[in-house]
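Have the structure open and follow along.

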Amino acid sequence: MTRQSIEVKSGGATRGREEPSASGWSYRPRLDIVEDGDEFTVHADMPGTTNEGIEVQFDHGTLSIHGRVVPRQKRDIEFLTHEFGVGDFDRELVLSDVIEPDRITAEYQKGVLTVHLPKAEHAKPRRIPVRAV
């Protein structure tokens with residue numbers, strides 16, 4: 001059901017690495033999307049930001065995640081290796097009508113944003129009783 005229900009619209013190919021942009025560097029956090037009987041859950045790996053620095057919006061079937069990962073070091077140093085992603089990020093997920101938008105919740109803990117996308121009642125699996133006749 002996931003393929004028809006959630007489409008990752010942007011940032012899927014960068015696999016959590018930074019990319020040059022007009023304003024400097026941009027960062028694309030890696031996503032895991034899982035499904036159980038009652039909801040879809042999006043886990044976005046974004047260490048180095050804060051819950052105040054993350055914006056999650058839902059508009060016309062699209063879930064948008066925006067934020068910024070700030071550099072961990074001063075700008076005037078020379079890196080021997082630089083692998084941490086930094087900069088602004090945007091991810092968009094197009095959701096089908098199986099999501100209950102008024103019940104979407106999000107939390108940020110230990111560098112991971114978790115967004116809960118509850119399924120609408122008509123989309124939840126249900127058992128069909130079989131009657132003896």
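The side chains of Lys-119 and Glu-35 meet in a salt bridge, 2.7 Å from N to O. Lys-119 sits in the segment after β10 and Glu-35 in strand β4 (residues 30–35), so the pair ties together parts 84 residues apart in sequence. Strands here are DSSP E runs of at least two residues, numbered from the N terminus. A salt bridge means a side-chain nitrogen of Lys or Arg within 4 Å of a carboxyl oxygen of Asp or Glu, and the structure holds 2 of them.

This is a predicted model: local features need pLDDT of at least 70, side-chain atom pairs count only at pLDDT 80 or more, and totals for chains, interfaces and linings use all residues. Residues are numbered from 1 along each chain as its sequence is written, and side-chain values use heavy atoms, leaving out hydrogens and water.

| Salt bridge | N–O distance |
|---|---|
| Lys-119 and Glu-35 | 2.7 Å |
| Asp-88 and Arg-68 | 3.2 Å |

The Asp-88 and Arg-68 pair links strand β8 to strand β7, 20 residues apart. As for exposure, buried means under 20% relative accessible area, exposed over 50%, and partly exposed in between (1.4 Å probe, protein chains only). Lys-119 counts as buried at 2%, while Glu-35 is partly exposed at 32%.

Now for His-116, in strand β10: at 18% relative accessibility, His-116 counts as buried. Its side chain makes polar contacts with those of Glu-39 (2.9 Å) and Glu-107 (3.1 Å). Such a contact is a pair of N or O atoms within 3.5 Å; within protein, one must be able to donate a hydrogen and the other to accept it, and residues adjacent in sequence count only if both atoms are side-chain atoms.

Technical notes
Helices (H or I, at least four residues) and strands (E, at least two) are DSSP runs, numbered from the N terminus.
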